[in-house]
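Please read it with the sequence and the model open.

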Amino acid sequence: MELGEEELTASVKRYYKESLKHSLGQCDFNFVLSDPRLPDNPIVYASEGFCSMSGYEHHEVIGRNCRFLQGPDTDRRTVLEIRDAVREERPCQVHILNYTKHGNPFWNLFYMAPVYSRKDGTVVHFVGVQTPFSAAAAAATAAAAPLASKKLNLMDAEKRKEARSECLQQIQGEAPAGLCVSLEADEEEDNHKCVAKDEDKGRAACAVQTILCNLMENSRIGGGGRGVAETRCKEIAESAVGGVVCSSLMLSLTRIQQSFVLADPKLPDIPIVHASKVFCEITGYSQEEVIGRNCRFLQGPDTDPEAVQKIRESIAGERACTVRILNYRKDKTSFWNHLHLSPVRSATGEVAFYVGVQLAMDIVDSAGDENVGMTPYMKQLGAVGAVKVAVRSLQGSGLRRSFKKNSEE
Amino acid sequence: MLTIKRVATLVSINQELEQAAGCGKDCLGSCCMPGAKLPLYTFGRRRSVDLLKKKMAVACSTNDGDNGFLDSLLLAQWEDRMDKGLFRYDVTACETMVLPGEHGFIAQLNEGRHSKKRPTEFRVDQVLQPFDGKKFNFTKVGQEEVLFCFEESEDGTSQYYEKAPVSWSPNVIAINVSPIEYGHVLLIPCVLDCTPQRIDPDTFLLALQMAVEADNPYFRLGYNSLGAFATINHLHFQAYYLAAPFPVERAPTTLICHRWKKGGVKILELGNFPVRGLVFEVGDSLEDLANAVANTCIYLQNANIPFNVLIADRGGRVFVFPQCFAERQARGEVEQEILDTQVNPAVWEISGHIVLKRRLDYESATEESAWRLLAEVSLTQERFDEVKKHCLKSVFNAPNKVKVEMPTMDSSLHLMGMSGVALNGQSEHCLVLQV
């Protein structure tokens, strides 16, 4: 799904004043801002330093997810750490092998931190700071340290002997070409474990602080917002109660290429808390016009009250239902909507939302070969399933880790 | 002969019934399958490779931001069966939480999964057992429980057919009627071959291909050998969705094969985790990964060591856990407290997703109690080191050739004072295996 330039610049404009560009421009750091409320958490701002570090032009970077920096030897577990930090909406710091546009690998001390809205505690952006460091220099430091680090694979003479005979045994077997391993660590090529020097870490930490300060100082107050902060002002659970969809749930929802809305039955009049882009395209309404309102604005003069009643009864009974209902777009034109409604439960096991997936019938009637590819009805169900998987783990506090308070601290 | 008594999980409705062959229903046996038409998803082998290589493209322009085809299909079909009431309970109504602590063990209270049937005896000291047609197997599953068949396409693209004539012995994706999570399915390769539960390179490759095709880091596949809590002795894998990392995926790893050339399988050892295991990471060949894992499992099978396998990270990381819980249980070596929870530690539990049958266990669950349970599953460090050596040998010595990330020849050789050894007339130098 292509993102419009408007959306990307709006992401920055909505929360920060014009002065931000100037003050960030003064910083000599490599960093990006990404927006997890847009599909696939794309970069919405990139510093000059980032572009010269990565070798990409500015326009090649804006609108894309940062993963283009990864390459063949990037450690998979490290990528999981970053993904998990985005999912848990918390900071992380990793040593990751990245690649420039021309395919040259470099070690990157990557630091990521969320930026929260002061109004409702949601994550509005992630700041990602890249600090390339020299692996060889880091290895030299590590080698100098007297610790018997596993990475250095120091083995005593006995083990060496044992291992050598082992190897000889293997040769007697059918081994294609010995299997084995060097006894010496060469940290430069060991992309499994590579640690930056303390001064690099210091530089990175300083960069993050400076950028966060800049963001806060230049944040936009007014128009309903109260600026941004580096710590969350409201607990996730609290925001959820207010009908706010957290950023990690949003990231999952924006992957679904169907028309659907989520409505919160625990709020008065069961308002919509999320509407997909396709929904907006079909109905002609914008997301702002729709969020906070009950779905009934889609009904009109010729809508069958029995269909509405069926919907009401299903919600009361916490059941799924499918109805064919006449709906109206913003421009007052009508369309037959094959609506599938289903309760969606969170990790507590209780109903957190109702998902309504719309199917405009004029699209269906012009379907091609019925046997090949997924039918529109099936795609509707697929959207329901995807929502259920996402909400179960990501709604409210969901399946996030919590850390015990250590009494020894 | 060592046995334990436990209640078998009900994975299919017909498991409860006594069905003879020639059943008259729409099952998956040779009585009903010829001439049958089932939904079919074909995946492109080349596409699998592309998806794998996607990660390697320097300027990756392919869209990673939308749900994939197989993903949407599987979820759609599963939701459809939910609507039709084919599951024994609504798994999304089961409470679940992450136990406080850094590891993030996931506990679920699932009182409905437990079947009220009386326990049956399971032999725990024989990992390879012959297929027994008289016992419940997947040819007896009703066709309505099948979501679709899963076959390689001829032209390298992926496509879905609502009704296609079934091949002689199709690979079938069926629902698990006692799901652990949303989307819980069974992958049954070549259902009519009636293969017993055991790993081989071809069917393992199929499982990997499914993971690659689903292209979703929260969709994992798992395998339990006999003696490691497989319920049915008919070759199958399980899979489901959970939008959270498993603790085992977070665990740190240490490279066993150190220093490499690009493209081969990486083999690592798990650290800081209650169950000792090996981790295999893909290089640029899915086949090599399949062979490496399969060779390891074949060794374990032949050595009669029960084990579990987890396929994670879109088919890019595979975890192999040799285990001994059942054996210890049979010998009366497991704490009664742990036995009382009636948790059978199979691949999902070992990975850190623990389904509990009793509320009191759920409410008193902690990271420590989870760790304690899983520690009982693991081989001891000594035993594991032994097994590991044999596994690594079998990865390279077995008939299926595997390309592993290989060391480069360099000055370190001279430092060690080792002489080169010629193999097959090639001037390969042999370095030493780190154990």
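Two residues are in contact when heavy atoms of theirs lie within 4.5 Å. In chain A, residues 24 or more positions apart account for 57% of the contacts with a separation of 6 or more. The model is predicted, so local features need pLDDT of at least 70 and side-chain atom pairs count only at pLDDT 80 or more, while totals for chains, interfaces and linings use all residues. Residues are numbered from 1 along each chain as its sequence is written, chains are lettered from A and ligands numbered from 1 in the order in which they are written, and side-chain values use heavy atoms, with hydrogens and water left out.

**The two chains**

- Chain A contains 15 helices and 13 strands; helices (H or I, at least four residues) and strands (E, at least two) are DSSP runs, numbered from the N terminus.
- Chain A has 409 residues, and 54% of them are buried, where buried means under 20% relative accessible area, exposed over 50%, and partly exposed in between (1.4 Å probe, protein chains only).
- The accessible surface of chain A is about 18700 Å², with 51% of it on carbon and sulfur atoms; such areas come from the Shrake-Rupley method with a 1.4 Å probe, and for residues only the protein chains shown count as cover.
- Chain B contains 12 helices and 17 strands.
- Of the 435 residues in chain B, 63% are buried.
- In chain B, 75% of the contacts between residues at least 6 apart in sequence join residues at least 24 apart.
- Chain B has an accessible surface of about 15800 Å², of which carbon and sulfur atoms hold 50%.

**The five-stranded sheet of chain A**

- An open antiparallel sheet of 5 strands in chain A has the order β10-β9-β13-β12-β11; strands pair if DSSP finds at least two bridges between them.
- β10 (272–275) and β11 (321–328) of chain A are the edge strands, each with a single partner, so one side of each has no neighbour in the sheet.
- Neighbouring strands of this sheet are turned by 30° against each other on average, direction ignored; axes are lines fitted to C-alpha atoms, for helices over the stretch in contact, and angles run from 0 to 180 degrees between N-to-C directions.
- β11(A) and β12 (residues 334–345) of chain A run antiparallel and are joined by 8 bridges.
- Within this pair, R324(A) has H338(A) in β12(A) as its bridge partner.
- Helix α13 (residues 305–316) of chain A packs on the sheet and touches β11, β12 and β13 (351–357) of chain A, its direction making about 135° with that of β11(A).
- Helix α15 (residues 376–394) of chain A also packs on the sheet, touching β9 (260–263), β12 and β13 of chain A, and its direction makes about 30° with that of β12(A).

**The twelve-stranded sheet of chain B**

- Chain B has an open sheet of 12 strands with mixed pairing, in the order β7-β2-β6-β8-β9-β11-β10-β15-β16-β14-β13-β12.
- Its edges are β7 (159–165) and β12 (253–255) of chain B; each has a single partner strand, so one side of each lacks a neighbour in the sheet.
- The twist from one strand to the next averages 30°.
- Strand β6 (residues 146–152) of chain B has 6 of its 7 residues buried.
- β6(B) runs parallel to strand β2 (residues 37–43) of chain B, with 4 bridges, and here Y41(B) stands opposite F150(B).
- β6(B) also pairs with strand β8 (residues 172–175) of chain B, in the antiparallel sense over 3 bridges; the bridge partner of F148(B) in β8(B) is I173(B).
- Strands β14 (residues 278–281) and β16 (residues 317–322) of chain B are antiparallel, with 4 bridges, and F280(B) has V318(B) as its bridge partner in β16(B).

**R87(A)**

- R87(A) is in helix α5 (residues 76–88) of chain A.
- R87(A) is buried, at a relative accessible area of 5%.
- Leaving aside neighbours within four places in sequence, R87(A) is in contact with residues including S248(A), S393(A), R400(A), Y218(B), P245(B) and R250(B).

**Aromatic rings**

- The whole structure has 23 aromatic pairs over all chains; rings of Phe, Tyr and Trp (its six-membered ring) pair if their centres lie within 6.5 Å, and planes under 30 degrees apart count as stacked, over 60 as edge-to-face and the rest as tilted.
- One aromatic cluster is formed by Y41(B), F43(B), F69(B), F148(B) and F150(B).
- R324(A) lies over the face of W336(A), at 4.7 Å from the ring centre; a charge sits over a ring if NZ of Lys or CZ of Arg is within 6 Å of the ring centre and within 35 degrees of the ring normal.
- R220(B) lies over the face of F246(B), at 4.0 Å from the ring centre.
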